[in-house]
Amino acid sequence: MLDHIPVGMWIINRDYTILSWNNCIEDWTGIGKNDILGGDFTSYFSLFKEARYRERIASVFDTGAPTIFSYQLHGNIFGLFLPNGEPRIQHTTVIAIPSPDGDDFHAVFAVEDVTDLTNRIAELHRTERQLRQAHSGMEKRVQERTAELAAANDLLQREIVEHKQTAQALQHERDKIQKYLDVAGVMLTVLDNQQRLRLINKRGCDVLECKEKDAIGKDWCDSFVPEQARDEVREVISALLNGKTKQFEYWENQILTKSGDQRIIAWHNKVLYDDKGGIEAILSSGEDITERKKAEKTAKLAYKELENANRELKEVQSQIVQSEKLAAIGLLASGVAHEINTPVGFVASNFQTLEGYIEKFKNLLEMYHDLIGKIEILGKTELLNKVAAIDKSRKDMKIDFILEDIGDLFDDSKEGLERVTNVVKNLKDFSRVGHPEEFEEYDLNTGIETTLAVAKNEIKYDANVKTELSEVPPVMCNSGQINQVFLNILVNAAQAIKSQEREGMGTITIKMYAADSEVICEISDDGPGIDPDKLPKVFDAFFTTKPAGKGTGLGLSVSYDIIANKHNGQLLAESTVGKGTKFTIKLPIEQTKTQDKEKMKHEESCLNSVDDEGAV
Amino acid sequence: MKCAADKIEVLKEMINIGVGRVADLLNTMLCSHIRLEVPSLKILSSDELETELCKCGNERLSCINLPFKGDVIGVAELVFPAESASKFVIALTGEEADTIDMDSIRAGTLSEVGNIVLNAVMGTISNLLGFKLRYSVPSYTEGNFNSLLPVHPIVPDTRVVVVQTHFVVEKLEVEGSIILFFEMGSFDKLLEKLETSYEGKKR
């Protein structure tokens, strides 16, 4: 059987005697079976004489374990060559088989020619190595690529996460902004540059009576502006989109709700810019001012009515002041008449005397005239007689006395006429009807003197007037009104003293002095005084302590109005029952521009407050 | 000696003696000192074995198998990491590492080296224990540890005994392992045999 195996094989026993030799080994060694069988193995294979080989073979017999002799470590056991002379590669395996009696082992040598196999294996390994290199290159590339992909994937994942986070943050911001927008009590809209609605808040939807999704994207003018205002609004939006922001920053126009109502909206517009600085949209906040407009209209009407009422009131007030003045003048009329009568009386008397004097002058002059006409005809004696007669007449007529008296008469009359003129002038000054707001520089001392002149007859029978008038700077005031105040207070004082029906004369003291920026005038009397419970009412209209018919009850009220309201001054009253009353007038020297302005502003603000409200 | 653990210690010692012989052989072959580690012995299920082998990673290894039957059944293996195998072969043959024939040289050389080493180990153990073993012809394979796992003759669902020892050829920076796989049933037999033989020797 061994003969058919293409492996060189032989069997030896423990004594190294060759027991079997197959055809293949016969061919390779050229040693025939018949020559070698039963022979000593080591005589043919000298290698096995060496101890280390013998040891290996011994172990086969001892343990039955196979032994290998590789070509790489031992070379060829016997010479076997390739056609090119190169040795063939032999791989020798020695295995133990039990001896036929079973007591021992025989060693079977199997020598394989593994030249081709080894070459093929080497080739295979080379290929494998190349493949492995290629593979490892590929693997490296794959690994690199995988790493790149993994990195890219990581990056992408991170970006996705970031994107998600950003999107979430954006959504969050958007929700927050939407919340803010919705909380806003005004309409908020964004129109794009095609005038289409891009954003609207809840209030906007409420006013328009529509849902956000129905409104977004619609042309603003076509959908939400009444037809009559459409062109105008479109132009305004175009102007805003063209950068004319200032002009239309604030704009009011009507809008059309879903139910067809028209509401008035006050818009505040701002333009939104894109990254390149171009205008891309308009952000508008709109307030529904329909109700306010209505209220404004009502308020305007009410204001107009109020204004009319105020004007009427002012007229009435002015009439009252005037009539009060006339009343005062009426009161003064008898005194004034007396003032005028006296000078007029003696002027009239003088006039009569002068008339008599003139008659006498006329007679004397005729006598002279007669003498001059006859002077050529008459002789000397006659002339002398005539002259003597004239001279006698002159003496008779007391011409010398007349000539002396005539000067006196003229002086007296002149004085009388001056007195009349003064009285009339004072009266005229006093009763002067000027424009109530007309202010001029006025010396209050003059005012007191004028007033005293006019009121002299009202006072002089009841009180002596003591004046302590310091020099004071002129005060910006309406002189007529101030004199009226002086008169009221002085006449009141005189009447109060008179009401006591005392024996002696009372005293009215007038003090005038300047303090800081005001001029102060104190008018005090030593009359009966005013009850403390009545004192606070003295400036009330229609309040009077005088008997019926003696006063209008408006005098001090009007005085108070003049000093406090018209002149920014103060009118104060102090009184002690039984001792007298003192009125103090404090007037600012300057009706400063500020005060004027403030006064004007006050008045304007009263007007504007209505206007403003109307306009808001 | 009643305790299995004691028997195992004895077995480990015997294996150590076998490996010691191997060390002498390798020392002679390589003219270099061989450092040996104490053998470890584990009894594993086939699943555990797989897990254990997986720990060895995917390193390319050269392995010489010597299956045996008889009184015990198993496989003896000499395993080198590929790099160590190359160094080992270079040291034995004097060939340059980058020669084209290196791979073919390696197969032949390592087969013989494995044969010598495993014969020494198994011969020592069987001599000491008086076992009768029948050996197959050693074979050379390359691959990762998992692929070197001796499927045959180990039957699935049976437990295996793995005895492993590690050696280092310091001068050459070569390392390797000798691993013996025994089928569990035959291992018990081996321990029994060990007791008899040990007691006998003690007497």
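Helices here are DSSP runs of at least four residues, numbered from the N terminus. With that settled, a word on the model itself: it is predicted.

I'll start with H15 in chain A. This helix covers residues 479–499, 21 residues in all. At 1.5 Å a residue it should span 30 Å, and its end C-alpha atoms are 30 Å apart, so the two agree. Just after the helix, A:Glu501 takes a positive phi, about 50°.

Next, the nonpolar cores. The largest one has 52 residues. B:Ile178, B:Leu180 and B:Phe187 have the most contacts inside it. The element that gives the most to this core is helix H4 of chain B, residues 102–129, with 11 residues.

What does B:Leu180 touch, once neighbours within four places in sequence are left aside? Its contacts include B:Ile15, B:Val75 and B:Ala76. They also include B:Val121, B:Met122 and B:Ile125, and then B:Val161, B:Val162 and B:Val163.

Another core, of 40 residues, lies apart from the largest one. Among its residues are A:Tyr442, A:Leu452, A:Ile459 and A:Phe539.

Last, the surface. A:Leu365, A:Tyr368 and A:Ile372 form a nonpolar patch there, with about 320 Å² of accessible area together. A:Tyr368 is found in helix H11 of chain A, which runs over residues 290–374.

Key. Residues are numbered from 1 along each chain as its sequence is written. Chains are lettered from A and ligands numbered from 1 in the order in which they are written. This is a predicted model: local features need pLDDT of at least 70, side-chain atom pairs count only at pLDDT 80 or more; totals for chains, interfaces and linings use all residues. Side-chain values use heavy atoms; hydrogens and water are left out. Helices (H or I, at least four residues) and strands (E, at least two) are DSSP runs, numbered from the N terminus. The expected span of a helix is 1.5 Å times one less than its number of residues. A nonpolar core is a set of buried Ala, Val, Leu, Ile, Met, Phe, Trp, Tyr and Cys residues joined through side-chain atoms within 4.5 Å. Buried means under 20% relative accessible area, exposed over 50%, partly exposed in between (1.4 Å probe, protein chains only). Contact means heavy atoms within 4.5 Å. Patches are made of residues with over 30% relative accessible area and no salt bridge: like charges are joined within 9 Å, nonpolar side chains (Val, Leu, Ile, Met, Phe, Trp, Tyr) within 5 Å. Accessible areas come from the Shrake-Rupley method with a 1.4 Å probe; for residues, only the protein chains shown count as cover. A salt bridge is a side-chain nitrogen of Lys or Arg within 4 Å of a carboxyl oxygen of Asp or Glu.
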